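Please go through the briefing below with the sequence and the structure side by side. The points are grouped by topic, and each can be followed in the viewer.

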Amino acid sequence: MIRRSVGLVPLLLAASAAPVFAQSHAGHGAAANAVQPAVQLPAGCVRRGAPTADPSRVGTSGAPVCPTGAVPERAPASADPHAGHDMSTMGQTAPAPAMPAGHDMSTMQSGQQPAAAGQADPHAGHDMSTMRQAAPAPAMPAGHDMSTMQSGQQPAAAGQPDPHAGHDMAMMSQTAPAPAMPAGHDMSTMGQMPPGHDMSAMAMPPDVPTSADNPGRPPEMPLPPGATSGPAHAADTLFDPAEMAAAREQLRVENGDVRTTAVIIDQLEASFGDGEEGYALDAQGWTGGDINRFWWKSEVEGDFDGEVEEAEIQALYSRAFRPFFDFQTGLRQTYRPEGDRTDLVVGVQGLAPYWFEVDAAAFLSNKGELTARAEAEYDQRITNRWIVQPRAEVVLSAEDIPELRIGSGLTSLQIGARLRYEFHKEFAPYVGLEWTKSFGNTADFLEADGRSSEDTRLVVGIRTWF
């Protein structure tokens with residue numbers, strides 16, 4: 001009984017392996033291993049795998065139509081080797097060499113190598129026309145979406161379960177297509193401005209009249225006719241015109257007619273040089289609005305051990321004729337030991353380009369003597385508190401005035417520099433040097449009196465304003 005059972009084991013194993021063997025070779029035709037009878041091929045066609053076979057010419061212009069199992073013959077060497085080729089994928093790996101007969105390698109993936117020579121081709125007789133598409137894999141875990149699997153990813157090794165089995169690999173190595181636009185959308189004007197927008201004047205500056213107005217600005221359009229046809233003050237048609245006039249005057253006073261007052265002591269200093277010690281005062285101030293002001297100016301010079309050398313006071317009417325310049329006119333009273341003078345003053349004062357403060361005036365005395373004086377100074381900031389102030393002053397005379405020891409022409413030149421430290425904007429002590437030189441007959445008058453025509457002094461003082 002045991003012997004009979006052992007004898008049946010091989011038969012049972014063969015019966016169970018028969019379906020598996022049949023499934024593993026499903027799709028293989030037995031005729032592939034049989035000897036095919038010789039068939040006459042059309043001109044220009046050869047068997048697949050022949051040395052002169054060119055599968056890439058299948059379906060191209062000028063290629064012959066070959067029966068199953070045959071492909072067009074390679075074009076002669078003199079013809080264009082790329083004739084009929086699709087060069088859209090140029091730059092990819094070169095096509096594989098000729099394959100054994102019976103294989104359709106026209107769509108073989110880039111980089112795939114054929115079986116080695118002398119080995120049995122496992123794909124003999126297979127239809128490879130859809131080789132670029134992923135073959136159905138064994139069943140994989142549910143829920144995996146491999147539609148965007150990156151190119152170059154390797155399959156699982158032999159004998160190991162493939163984690164991507166059952167995945168859709170149709171999009172492998174391909175760029176995901178752009179999502180479809182909703183139906184009814186018109187994209188022909190995408191990136192363009194919406195209709196009705198006028199952008200012709202987009203980069204033009206506004207036409208706002210300022211002190212820096214220039215001809216390069218766009219022309220100002222004229223007012224429409226209706227803008228000037230009504231009353232000057234439309235509110236007068238609804239309210240009492242007298243009350244509205246009083247309200248407008250009050251508004252002008254509060255917002256456009258502001259009165260200001262200032263007192264500036266530019267120099268209050270002591271000077272030391274050539275064995276002499278002196279003092280000097282240079283102060284000025286104003287009161288009024290932005291256009292019309294009353295200005296006053298005063299200068300005093302003297303020695304500590306002597307009398308006052310010169311003192312003057314000016315009373316001026318000032319009117320702005322430019323945003324940074326005022327025209328000034330008035331009277332000046334001068335006190336000197338040699339004699340007093342009363343002068344008519346005409347001048348300008350303001351802030352020149354590059355922040356130079358200038359003050360120039362001409363003086364006509366009650367005795368017909370014409371003189372002039374010009375000053376300029378500049379504040380050069382070293383830090384927020386340390387400031388250097390260069391200053392220059394020149395005095396001119398139209399004629400000799402022996403009584404006042406003044407000669408004609410360039411009378412004197414004074415150049416100095418002061419370094420101040422601002423504890424506050426309104427209070428700043430300083431120290432500096434000042435050089436004075438007299439010229440022409442003025443120098444002769446000073447030397448005749450026993451004084452030097454050139455002098456250098458150290459100055460120490462305070463600058464303040466309120």
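**Strand pairing and selected residues**

Strands E9 and E10 run antiparallel and are joined by nine bridges. The model is a predicted one, and its chain holds three helices and 15 strands. Of the 466 residues in the chain, 25% are buried.

**The chain as a whole**

- Among the contacts in the chain with a separation of 6 or more, 41% are between residues 24 or more positions apart.
- The chain exposes about 31,900 Å², and 61% of this area is supplied by carbon and sulfur atoms.

- The hairpin of E9 and E10 has four residues between the strands, and here Gly368 takes a positive phi near 80 degrees.

- Strand E11, residues 380-381, pairs with E12 in the antiparallel sense over two bridges, with Ile387 in E12 as the bridge partner of Arg381.
- E11 and E12 form a hairpin that has four residues between them.
- E12 and E13 run antiparallel and are joined by twelve bridges, and in E13 the bridge partner of Val388 is Leu419.

- Arg373 lies in strand E10, which covers residues 370-378, and Arg373 counts as buried because its relative accessible area of 14% is under the 20% cut-off.
- The side chain of Arg373 is joined to that of Glu312 by a polar contact of 2.8 Å.
- Beyond residues up to four places away in sequence, Asp282 touches Ile264, Ile265, Asp266, Gln267, Ser298, Glu299, Glu375 and Arg391.

**A nonpolar patch on the surface**

- Phe272, Ile382, Trp386, Leu419, Val431, Leu433, Leu458 and Val460 form a nonpolar patch on the surface, and together they have about 680 Å² of accessible area.
- At least two residues of the nonpolar patch come from strand E14 (427-438), and at least two from strand E15 (454-465).
- Leu419, one of the patch residues, lies in strand E13 and counts as partly exposed because its relative accessibility of 31% falls between the 20% and 50% cut-offs.

**Loop residues**

- Trp355 has a phi near 65 degrees, a positive value in a residue other than glycine, and Trp355 counts as exposed because its relative accessible area of 64% is over 50%.
- Arg405 also has a positive phi, of about 60 degrees, although it is not a glycine. Most residues other than glycine have a negative phi.
- The place of Arg405 is in the loop between strand E12 (386-397) and strand E13 (409-421), where Arg405 is partly exposed with a relative accessible area of 23%.
- Ser56 is found in the loop between strand E1 (45-47) and strand E2 (70-72), and Ser56 is partly exposed, its relative accessible area being 35%.
- The side chain of Ser56 makes a polar contact of 2.5 Å with the side chain of Asp54.
- Ser56 and Glu73 are 17 residues apart along the chain, and their C-alpha atoms are separated by 9.9 Å.

Note on methods:
Residues are numbered from 1 along each chain as its sequence is written. This is a predicted model: local features need pLDDT of at least 70, side-chain atom pairs count only at pLDDT 80 or more; totals for chains, interfaces and linings use all residues. Side-chain values use heavy atoms; hydrogens and water are left out. Buried means under 20% relative accessible area, exposed over 50%, partly exposed in between (1.4 Å probe, protein chains only). A polar contact is a pair of N or O atoms within 3.5 Å; within protein, one must be able to donate a hydrogen and the other to accept it, and residues adjacent in sequence count only if both atoms are side-chain atoms. Contact means heavy atoms within 4.5 Å. Accessible areas come from the Shrake-Rupley method with a 1.4 Å probe; for residues, only the protein chains shown count as cover. Patches are made of residues with over 30% relative accessible area and no salt bridge: like charges are joined within 9 Å, nonpolar side chains (Val, Leu, Ile, Met, Phe, Trp, Tyr) within 5 Å. A salt bridge is a side-chain nitrogen of Lys or Arg within 4 Å of a carboxyl oxygen of Asp or Glu. Two strands pair if DSSP finds at least two bridges between them.
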